[in-house]
Amino acid sequence: MSKSFFAGALASAIAFASPAFAQQNLTAETASAGGATHLAPSHLTEIAGTLGIANIQLAEGQTLTNSIQNVAEGKTDIASAPHILPFLMSRGVGPYGSLGAEKGAELAGNLRSIYPYTLGIFFLFAFDSKDVGGWDDVEGRTIFNGPPRGGALTNARSIIQIATGLQDGEGYTGMQANWGQAATVIIGGEPDAVVLPELFPNTRLSTIGSAGKVTAWSMPIELYEGEAMQKYMVSPGAAPTEIPVATLQAAMGDSWTFVSEDATFRGMATIGGDVVHKDMDEQLVYDLVSAYVASMDDLKAKAPFGETVNFDNPSLGMCGLNPMKYHKGAVRAWEDAGYDIPDCAKD
């Protein structure tokens, strides 16, 4: 059955079999526009309203640390969640330190995933004018590695250290600025190279590419497959990622060159997905996720990075130390659409 036919069939089924759901009013919270974190729930909002499943009031530009706590406490129905946040909440650490371990674990236990996406892929890049030679040429350089604090900076520093053995402030000089200033700082020329989590393409990379020729380096295969990097890439909120170089080249255009030992670009991705409360009605979740999956092609077509953020990979980043599991309604929807959900990701 084609996805377009399935979407039409689903619409008819919902209209005639589940009229009560047309009266559902839900709230959702997400980040600012520009990435998969915003695109996924905004698409769900559109498709749920169009098919008469639910009316979703989507609040944008939210602090996701607070958003997932709102879902866990039953104050919000749906929220975007980098998977590292439920992990931190479950232990009552980091931004959830005030909750304590017991309360944090209780609240995190209320969260269930409904679908996944990639927030960004960490990789090394530099303007060709900087004459950088790749991962072996980081020593002594100034590397822009994220905002002044937060998960992106921690991950970038860790990846550089595993890849090169160098620490920020010792083997190289780390440089930080807020996300909104990043493109301006990079184009300004002070950093020699950059290690950030990005999508292909996004506004920042497109802006940087318009300022000059840029080269991006894949993780070397030996590093990528090595024990240290493999262990790091399966930590909560992370996942190993491989994308055909040709896909990236087509997405980014002639301003960018992607360097790899073969035809595959490798890196570590930060992973997330939208979450709901475990007690959300199973049939409602099933209908929401079924509509979302059936309209996958439309979702991907809404952004130039749509094919590279794993919207259709429900196994992404699940299991292991990640405490997140899928809502029962979501499991049923994905499996009915022909996707596999690992047992360790089922509630």
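**From one residue to the whole chain**

Visitor: Which residues is Ala-156 in contact with, leaving aside its neighbours within four places in sequence?

Guide: Phe-122, Asn-145 and Val-195, where contact means heavy atoms within 4.5 Å. This is a predicted model, in which local features need pLDDT of at least 70, side-chain atom pairs count only at pLDDT 80 or more, and totals for chains, interfaces and linings use all residues. Residues are numbered from 1 along each chain as its sequence is written, and side-chain values use heavy atoms, with hydrogens and water left out.

Visitor: Is Ala-156 buried or exposed?

Guide: Ala-156 is buried, at a relative accessible area of 0%. Buried means under 20% relative accessible area, exposed over 50%, and partly exposed in between, with a 1.4 Å probe and protein chains only.

Visitor: Which helix is Ala-156 in?

Guide: Helix α6, residues 151-164. Helices (H or I, at least four residues) and strands (E, at least two) are DSSP runs, numbered from the N terminus.

Visitor: How many helices and strands does the protein have?

Guide: There are 14 helices and 11 strands.

Visitor: Take α14. Which of its residues are buried?

Guide: In α14, residues 328-336, the buried ones are Gly-329, Ala-330, Val-331, Ala-333 and Trp-334. Their cover includes β4 (111-127), α12 (282-294) and α13 (296-301).

Visitor: And what follows α14?

Guide: Gly-338, with a positive phi near 95 degrees.

Visitor: Now α4. What covers its buried residues?

Guide: The cover includes α3 (64-72), β3 (78-82), α5 (100-108) and β4. The buried residues of α4 (84-91) are Leu-85, Pro-86, Phe-87, Met-89 and Ser-90. After α4 comes Gly-92, which has a positive phi near 60 degrees.

Visitor: Switching to charges. How many salt bridges are there?

Guide: A search of the whole structure gives 14, a salt bridge being a side-chain nitrogen of Lys or Arg within 4 Å of a carboxyl oxygen of Asp or Glu. One of them pairs Arg-112 with Asp-347, at 3.0 Å from N to O. Arg-112 is in strand β4 and Asp-347 in the segment after α14, so this pair ties together parts 235 residues apart in sequence.

Visitor: How accessible are those two?

Guide: Arg-112 is buried at 11% relative accessible area, whereas Asp-347 is partly exposed at 43%.

Visitor: What does Lys-300 pair with?

Guide: Glu-307, at 3.9 Å from N to O. Lys-300 is buried at 13%, while Glu-307 is exposed at 58%.

Visitor: How much of the protein counts as buried?

Guide: Of the 347 residues, 52%. As for contacts between residues at least 6 apart in sequence, 76% join residues at least 24 apart.
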